[in-house]
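Opening the notebook on a new model.

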Amino acid sequence: GIGGYSGLLGELDKIIRVYDKSDLHLVENAQFLAKATDYEIPSLSSKIQRLYTQVSDSEKREDEYLRSQQTCAKNFNSACKDWNVDTKEVENKSGLEKKLRRNLSELPVQFDKCIREMRGGRVKESIAYYKAFVRFVQMQTGGGGGEVGEADTKTLDALEELL
């Protein structure tokens, strides 16, 4: 055309006129897209990955908490069974105090049973065996390190006197 550019310069001239006329801001948009591609998208991708990791960790913790809850429930039910208490009584507290007092009154009987077991030959045999073992270890180490089991044997001596 007359007074116009031809070829590549003509095309560039058209782009500049459309750019100026239509306020398209192609260069700024291209720069934004390049920056987003180079910086923003990788940053967002790493943030998304961290969030997925957090979600995964949270799900694992939730599973652990559920297992812990189940374990606690089993232990609670077992303790209630050992104390001859219905779990509903604990939840409602209906007659619980009386039942627990009755169970507490059974403790001396249980203690007496434990003492009879301890006074039986098995505990005394175990104490004698442990003392012999400690003496053997001390002899094998040349008598050095007399601290090996010394405090334990003193405790066991006191226990033997009680039995």
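Burial cut-offs before anything else: I call a residue buried under 20% relative accessible area, exposed over 50% and partly exposed in between, with a 1.4 Å probe and protein chains only. The areas come from the Shrake-Rupley method with a 1.4 Å probe, and for residues only the protein chains shown count as cover.

Ground rules. This is a predicted model, where local features need pLDDT of at least 70, side-chain atom pairs count only at pLDDT 80 or more, and totals for chains, interfaces and linings use all residues. Residues are numbered from 1 along each chain as its sequence is written, and side-chain values use heavy atoms, with hydrogens and water left out.

**Confidence.** I checked pLDDT (the predictor's confidence in each residue, from 0 to 100). The chain averages 82, and 90% of its residues reach 70 or more. Helix α2 (residues 26–82) has the highest confidence at 90, and helix α3 (residues 87–92) the lowest, at a mean of 74.

**Overall build.** Helices (H or I, at least four residues) and strands (E, at least two) are DSSP runs, numbered from the N terminus. I count seven helices and zero strands. Of the 163 residues, 9% are buried. The chain exposes about 14000 Å², with carbon and sulfur atoms supplying 57% of that.

Which residues of α6 are buried? I get I127, K131 and V134. They cover an arc of only 60° around the axis, so they sit on the same side of α6; the arc is taken from the directions from the helix axis to the C-beta atoms. After α6 comes G142, with a positive phi near 75°.

**K131.** Leaving aside neighbours within four places in sequence, K131 is in contact (heavy atoms within 4.5 Å) with T153, L156, D157 and E160.

**Cysteines.** C80 is buried at 6% relative accessible area, whereas C114 is partly exposed at 44%. I searched the whole structure for disulfides (cysteine sulfur atoms within 2.5 Å) and got zero.
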